[in-house]
Amino acid sequence: MPQKLGYLDCLSSGTPVVTLSCGPLPPQIRVKPDNTAVVTDGVKHSMNPFCEIAVEEAVKLKEKKLIKEVVAVSCGPQQAQFFDSDFCLTQETIRTALAMGADRGIHVEVSGKDYETLGPLQVSKIMAALAKKEDAQLVILGKQAIDDDCNQTGQMTAALLDWPQGTFASEVTLEGDKVKVVREIDGGLETIKINTPAVVTADLRLNTPRYATLPNIMKAKKKKIANVKPADLGVDLTSRLEVLRVDEPPQRQAGMKVETVEDLVCKLKETGRV
Amino acid sequence: TMANPLRAEVVRLYKNVCFSSRAAPQLLYLGREYPKGADYFRDRLRAAFTKNKCVQDPEKIKEMIARGEFVARELEALYYLRKYRAMKKRYYEE
């Protein structure tokens with residue numbers, strides 16, 4: 001599925017946002033009848049939440065005058081993706097980042113079958129190529145996209161560039177030519193210091209992303225978005241994965257009420273759990 | 001050319017529209033993701049602005065614009081909390 005992309009920022013082109021809508025008819029995630037994928041037509045999409053946090057962090061660093069320029073990158077089709085929409089999702093995602101404070105955008109054109117099979121490997125190849133081309137010092141991405149939950153793009157990008165990485169960042173501090181990253185890990189927090197250039201992936205508590213207000217979105221229309229093709233970057237998008245099947249999670253069984261603790265222990269023994 | 005009294009009327013109307021229309025598009029934009037639906041929000045927003053469209057007192061208008069800006073900030077906070085809580089619930093065991 002469309003992956004989050006980062007450069008000095010990170011965006012997701014097409015992460016379905018479903019649980020966030022609380023309208024009268026909350027959209028359900030449905031699996032296509034042929035079990036090949038999740039239905040994305042008509043599902044409201046927006047920037048991956050972890051990518052919003054990444055954008056916010058980059059903009060914050062620029063506001064503190066610690067970095068010169070923030071470039072937002074996203075990969076996706078040039079045209080509208082869905083039949084019932086007349087806007088380009090990738091462009092809109094980049095514009096949101098520009099409205100939040102990024103200086104310019106890069107739209108990497110990926111469409112059709114390439115877009116369907118776009119995953120962390122392909123995105124990280126694109127990111128690595130762009131990072132070299134733009135002479136970036138810091139690549140910030142969301143830790144994972146909420147549609148595929150891969151949590152791989154940042155790590156792969158760092159590996160391809162042979163750069164150090166600070167993943168699951170809940171705090172980022174630039175100290176000269178090094179970056180101090182406080183990471184959220186199982187069991188607590190880990191603080192590391194890495195050299196730049198480096199890759200950082202944003203975790204939930206890194207910051208509170210600002211809302212892209214209408215006046216800022218209007219102003220952002222003046223900012224430039226460059227169009228780039230993966231071939232121009234020398235990137236091969238061939239996927240090495242084949243999705244065999246997509247299934248919905250098993251239906252939740254109805255619970256049982258018991259009157260006493262003895263009943264509970266009885267039932268647990270019956271079902272072989274004790 | 002317009003008669004004098006009418007001209008004053010038009011200027012007043014323009015100012016009112018001007019004041020209200022400055023804030024309205026931003027609020028309308030924010031209302032897209034309102035939990036009860038964008039339409040619900042838009043109808044309530046329109047009703048609120050229509051109810052007050054005859055207000056002339058510039059002090060009162062300023063007050064209302066301030067209230068509108070307060071609502072805008074409340075909406076931003078609502079959206080952020082909703083998203084934060086959804087992510088926290090989904091990914092983090094507490």
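This is a predicted model: local features need pLDDT of at least 70, side-chain atom pairs count only at pLDDT 80 or more; totals for chains, interfaces and linings use all residues.

Modeller: Residues are numbered from 1 along each chain as its sequence is written, chains are lettered from A and ligands numbered from 1 in the order in which they are written, and side-chain values use heavy atoms, with hydrogens and water left out.

Biologist: What makes strand 7 and strand 10 of chain A edge strands?

Modeller: The open sheet has five strands in the order 7-11-8-9-10 (chain A), with mixed pairing. Strand 7 (138–142) and strand 10 (188–195) of chain A each have a single partner strand, so one side of each lacks a neighbour in the sheet. Strands (E, at least two residues) are DSSP runs, numbered from the N terminus.

Biologist: How do you know that strand 9 of chain A pairs with strand 10 of chain A?

Modeller: Pairing requires that DSSP find at least two bridges between two strands. Eight bridges join strand 9 (residues 178–185) of chain A to strand 10 of chain A, so they count as paired, and they run antiparallel. Glu184(A) stands opposite Leu189(A) in strand 10 of chain A.

Biologist: Why is Arg183(A) called buried?

Modeller: Buried means under 20% relative accessible area (1.4 Å probe, protein chains only), with exposed over 50% and partly exposed in between. Arg183(A) has 15% relative accessibility, so it counts as buried. Arg183(A) lies in strand 9 of chain A.

Definitions and conventions
Helices (H or I, at least four residues) and strands (E, at least two) are DSSP runs, numbered from the N terminus.
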